[in-house]
Amino acid sequence: MYLQKMISCSQLLARPNALQTFRRAASKGKNPSSSPFLTLHAVRQWSNVPFFTVPLARAHGKSFAHRGDLRQAKRIVVKLGSAVVTRGDECGLALGRLASIVEQVAMLQNQGREMMIVTSGAVAFGKQRLRHEILLSQSVRQALHSGQNQLKDMSLPVLEARACAAAGQSGLMALYEAMFTQYSTCTAQILVTNLDFHDDQKRRNLNSTLHELLRMNIVPIINTNDAVVPPPEPNSDLQGVISVKDNDSLAARLAVEMRADLLIALSDVEGLYDSPPGSDDAKLLDTFYPGDQHSITYGTKSRVGIGGMEAKVKAALWALQGGTSVVIANGTHPKVTGHVITDIVEGKKIGTFFSEVKPAGPTVEQQTEMARSAGRTLASLEPEQRSDIICTLADLLTERKDEILSANKKDMEQAVSTGRLSPAMLKRLSLSSSKLNSLSIGLRQIAVSSQDSVGRVLRRTRVANNLELEQITVPIGVLLVIFESRPDCLPQVSALAIASGNALLLKGGKEAANTNRILHELAQEALSIHGVKDAIQLVSTREEVEDLCRLEKMIDLIIPRGSSELVRDIQRAAKGIPVLGHSEGICHVYVDHEASVDKAIKIVRDSKCDYPAACNALETLLVHRDLLRTPLFDQIIDMLRTEHVKVHAGPKFASYLTFSPSEVKSLRTEYGDLECCIEVVDSMQEAVDHIHKYGSSHTDVIVTENESTAEQFLQQLDSACVFWNASSRFADGYRFGLGAEVGISTARIHARGPVGLEGLLTTKWVLRGEGHTVADFSEQGSMTYLHENLPVAQVFPGRRTTS
């Protein structure tokens, strides 16, 4: 195990070469524990301690501008507040919480980072020990003098904090030692006071000691020497220097002195709020900028400790000014404590990030608020006005096609030069005049269908006399659509959001940044004709998709458009927001033994070869056993060979062949390219069973001339789309006459299959009465329920008609 040391600051700072003396003694085979400056708590030979230094990722001097840059942090200070380290009863340590923090620090240390810990907890640990000793002493004394029946009347005296610190410091360090030893990580303790920073020589010695410990891959654990520290003096900060009044200021001072890249301050709150947490309008600030202090109202301090949020902010701003980035986060939440530190270092949106670089545009939270506000106005427009906006956007796609294609050309050139996109992804990224014309036609279809979308009455009921109930369609709210490499998705989704009265937040792939920007500008230009420009927002900041998926209080539905990997990642990340989509498009075509030769060849070719990267392309071809070694089967194989389709043999198909193609690794594979699996089945029922087992409930096809067989297939299969004698590529909102789609859903609720306008609407219930109360319908009341169905009346803003 690694070497563990307890270093007395009053001795060590007076002797700056203590560590060098220790190393020399160890290298000569002497017992370093004879040193008056270091007490050994481990037995590992010093020669086995690994020494290595990972080059700094950046030159220190300026803090990181964005959260994503925190991945580059090399030297990190982790400050553990009293509320993090101590139990709820303030008497003893939160061992489980502390263990998870130690694990994260050790993991980062083993990655080659330089970790330092500023810890509280000595007072709480000492209080636990002293209370135990006092209780034991009192119980013995009272048992001798008063009898056992008096024990329950014992009371504990108020314990002085310095005495508690003195009693608890060694136990706290021993606990850290035991925990870090489990990860083969060496630690050293340093106790400091404010005086150690005011004395230039001691400050230099402390700096030298810490650098030497870090160079030797040791984690310094630093705390104020609470056994001797004087009470904090108000307004005692030196000019330009922060005084060490608490562990917040200590951590900030050390971070700047040691030129740390990042200071993580863990407390018992999620971060910095614009008003006291718990108040009705309190909002967690994702990022805090110097100069924003006037917008903050501070609440009370935490249950333990001597700091408070105001002290934390002051210390954070001082560290930020000194070139150290700061994040204040919750270290007590049971669901996130186990990864809060590593998540912060990975750049995830945890807590409040302090940054000196204020973005020129609005934050994503502000964009969402703007979209929601404008979206409500959009929903209240007349249907003709929303239709007018969509038609304007359709016109702009053709009128400004030169600008669009020029931007798209830049994206294509950059994508080709980097070589990061597959041919299938490049095809999705590319736009052409014909694509823009098709988009324009599709948008006009959406404009027509938008006439009877929002406010349509689905049901009317006379509950009782003069009490009528209606169920009407309304927008969902704020949609977040995340799409990869397909800029044509932007105008399609925008038109559907406009038609359904929904606010829209768009996050496109950076590979299509130029095209997305011009298309978004056109969408906002169209929206501005009726004063709702902000209803559609394009997220162009460096927001991680996972962070967007955590805005559960602001976003109502997430729609991913992209690879199955993207969809799965979003489904995992979106804990509190519904996700509409499909993770895979494993589509099957079953060729029955009564299939037409011409139809089978055409359908298989189109399903696989028309657009292999599409989610509705054929991935597995199921063939009835009786077709093997027939002209139909030979023609299918010849066609696939001609189209350069790589064939993988399913297990059953491979058993029929002497020399078979490469056997499939999995029957549940989405190739997304000119590849497919061929498998043999004995019957239509076996084909259905195979699809249920290996399919993704997307789109599945039967090719047969037997109507009875086809109807059984269509009825038994529970995929979102099931076709008879038609290509799987028809599974598309435009081809279905929906105008466009936001995606294809394989979910069992809300919307299924190609999701167009109807899938972006929900309902609300409207009840119109004349002073009715539930008491009127009780046994003693004068009214009775009628529950009569009424003719449906179509209600739209400003008008009402009966159908």
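Trainee: Which strand do four bridges join to β17, and how do the two run?
Mentor: Two strands pair if DSSP finds at least two bridges between them. Here four bridges join β17 to strand β21 (residues 699–703), and the two run parallel. In β21, Val701 is the bridge partner of Val589. Strands (E, at least two residues) and helices (H or I, at least four) are DSSP runs, numbered from the N terminus. This is a predicted model, in which local features need pLDDT of at least 70 and side-chain atom pairs count only at pLDDT 80 or more, while totals for chains, interfaces and linings use all residues. Residues are numbered from 1 along each chain as its sequence is written, and side-chain values use heavy atoms, with hydrogens and water left out.

Trainee: Which other strand is joined to β17, and by how many bridges?
Mentor: Strand β18 (residues 618–624) is joined to β17 by five bridges, and these two run parallel. Val591 has Val623 as its bridge partner in β18. From β17 the chain crosses through helix α21 (residues 597–609) to β18, a right-handed β-α-β crossover. Right-handed means that, with the strands pointing away from the viewer, the path from the first strand over the helix to the second runs clockwise.

Trainee: Why is β17 described as largely enclosed?
Mentor: Buried means under 20% relative accessible area, with a 1.4 Å probe and protein chains only. Five of the five residues of β17 (residues 587–591) are buried, so the rest of the structure largely encloses this strand. Cys587, Val589 and Val591 point one way, His588 and Tyr590 the other way, and all are buried. Across the chain, 52% of the 803 residues are buried.

Trainee: How are two packed helices described?
Mentor: By the angle between their axes and the distance between the axes. The axes of helix α16 (residues 433–449) and helix α17 (residues 489–500) come within 10 Å and cross at roughly 10°. Axes are lines fitted to C-alpha atoms, for helices over the stretch in contact, and angles run from 0 to 180 degrees between N-to-C directions. Angles under 35 degrees count as roughly parallel, so α16 and α17 are roughly parallel to each other. Contact means heavy atoms within 4.5 Å; Leu439, Leu443 and Ile446 of α16 make it with Pro491, Gln492, Ala495, Leu496 and Ala499 of α17.

Trainee: Where do β25 and β26 stand in their sheet?
Mentor: The open sheet of four strands has the order β25-β12-β11-β26, with antiparallel pairing. β25 (761–768) and β26 (788–789) stand at the edges with a single partner strand each, so one side of each has no neighbour in the sheet.

Terms used. Buried means under 20% relative accessible area, exposed over 50%, partly exposed in between (1.4 Å probe, protein chains only). Angles under 35 degrees count as roughly parallel, over 145 as roughly antiparallel, 65 to 115 as roughly perpendicular and the rest as oblique.
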